[in-house]
Amino acid sequence: MHKVLIISYFSPPCNLTASGRIGSWKDYLAESDIYPIIVTRNWTGLELNEYQRLEKSDTSKFLKEEKSEVHYLEYKSNLRDRLFIKSEKLRFYKILSRFFTLINLIFRNFSLKFIPYNNFYYKAVEILTKDDTIETVLISGNPFEQFYFGYLLKKKFPHINWIADYRDDWTTSELTPTKSLLKRIILNLEKKSEKKWLSNATTFTSVSPFYVDKISGLINKKGHVVFNGYNEELIKLQSIKNKGKYTITYNGSLYSTQKIETFLEAYKLFINKYAQSFEIKIYFPGLGYDKTQSHRVKKILKGYEQYYSITDRIPKQDVINIQLKSDLLLMVAHDNIKGIPSSKIFEYIGLRKPILLCPSDHDVLKQIVSSLNHGFIAEDKDACFNYLCNSIENTSPVLISNEETEHFSSTHQVKKMASIIHNLR
């Protein structure tokens, strides 16, 4: 069996979406004759906010199974982390935390000392030194400074191939505004690091063709598309239908570039027409964590408070249960930004619920949703309103076949990653 060393800050039992990609590699790579050796942080799975995620973890553990092994390493909070944790109660510490965040953003481009989880690198060195049969290193970002580890490992062990797995793009991202001079300086510094660190990578992967093209243009490497995929356990879950109710769920983060106003304006018209006949509600699990975006939604839905629910981040299983009780799952594309197939689209597919994309991205999301019998695209408020009306009045179940969804599964995507790894040998 071919051994592959995988480095990733996020990994189960971490409850963030990013960990699911690593979890699928751990569970399914063995089916393609690959034995994953994973180096990650020791998570409890109870970290629900940024303060908890930066708290130190004093213990490490090693879990060896028949088809994988995982090194869960301790996390040593640095000064920036400790100040940020204190800033939850005292604003003064938030100012100090931002200062040391700036220091870290600059100097992590030059030294491992400024990366609080640099023990990942030293553990990787230890593993590769003890076992010279390991020929492939796979590093998943973000955090993207992990690619520094790959660059250094290739220099120390010239025989290895290393693959950079971009879940999102880094310095080519259009999601993060860079209007201030300071942000532009940091972006230029990171762009130089990205080019340097990826210079000795063998290849890279990302989650959409558009991302692969952008990254390839920057680092001059050939890339491959590997979606996140949905966990097959989702399709085994029992959907719940509540008579007399119509429930919609938007799961995950919301960005200023996502024009959710289109949907919400249609949603208000929908409420006005059907609220006397149905109990209608839209759920935003986790959105309360982002005060700016939750306020944005509340402002649009002013006067309709009984028809929505916004919560802080809650356990993953609770979010799944909310979606299982939903009649419709909502996707909102980014305005004039291509190449972002949010991870939740695959979870939606796995739950086999009707999916509404409103508005469209005219790119990868449109391609995915258009391929589904249970997917619909609304480009404007009127189309969205008409779809909601048809949906609530149509009592016939949506027919969803295995053939329609299976190529979006985690196992299928892991096979694509395995093929990339094998072709390097």
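This dialogue walks through a few features of a predicted model.

Reader: What does the secondary structure of the protein chain come to?

Author: In this predicted model, the protein chain has 16 helices and 14 strands.

Reader: What radius of gyration would a compact globule with 425 residues have, and what does the protein chain have?

Author: The general idea is to compare the value with a rule for globules; for 425 residues that rule puts a compact globule near 22 Å, and because the protein chain has 22 Å, the two agree. Along the principal axes, the C-alpha atoms fill a box of roughly 70 × 55 × 40 Å.

Reader: How should I read a pair of helices, and at what angle do the axes of α9 and α10 cross?

Author: One looks at the axes, and then at the residues that touch. Helix α9 (residues 261–274) and helix α10 (residues 291–300) have axes that come within 10 Å and cross at roughly 35°, and the crossing in which α9 passes α10 is right-handed. On the α9 side the contact is made by Glu261, Leu264, Glu265 and Lys268, which meet Arg296, Val297 and Ile300 of α10. Sorted by class, this contact holds 3 nonpolar and 4 charged residues, with no polar ones.

Reader: How many cavities of 30 Å³ or more are counted, and which residues line the largest cavity?

Author: The count comes to 1 cavity of 30 Å³ or more, and the largest cavity has a volume of about 30 Å³. Its lining consists of Arg21, Ser24, Trp25, Val226, Phe227, Asn228, Ser410, Gln413 and Val414. The elements that contribute two or more residues to this lining are α1 (18–28) and α16 (410–423), and by class the lining residues divide into 4 nonpolar, 4 polar and 1 charged.

Reader: Which peptide bonds are described as cis, and what are their omega values?

Author: As background, most peptide bonds are trans. Here a cis peptide bond joins Pro12 and Pro13, with omega about 15°, and Pro13 lies in the loop between β1 (2–8) and α1. The bond from Cys358 to Pro359 is also cis, with omega near -10°, and Pro359 belongs to the loop between β13 (355–357) and α13 (364–370).

Notes:
Residues numbered from 1 in each chain as written. Predicted model: local features only at pLDDT ≥ 70, side-chain atom pairs only at ≥ 80, totals over all residues. Heavy atoms only, no water. Axes fitted to C-alpha atoms, helices over the stretch in contact; angles between N-to-C directions. Helix = DSSP H or I, 4+ residues; strand = E, 2+ residues; numbered from the N terminus. Left-handed = near helix turned anticlockwise from the far one by under 90°. Contact = heavy atoms within 4.5 Å. Nonpolar A, V, L, I, M, F, W, Y, C, P; charged D, E, K, R; others polar. 1 Å grid on protein atoms, 1.4 Å probe; cavity = no way out; pocket = protein on both sides within 12 Å on 5 of 7 lines; lining within 4 Å. Points joined across faces, edges and corners; volume = space filled by probe spheres on them. Rg over C-alpha atoms; globule rule 2.2 N^0.38 Å.
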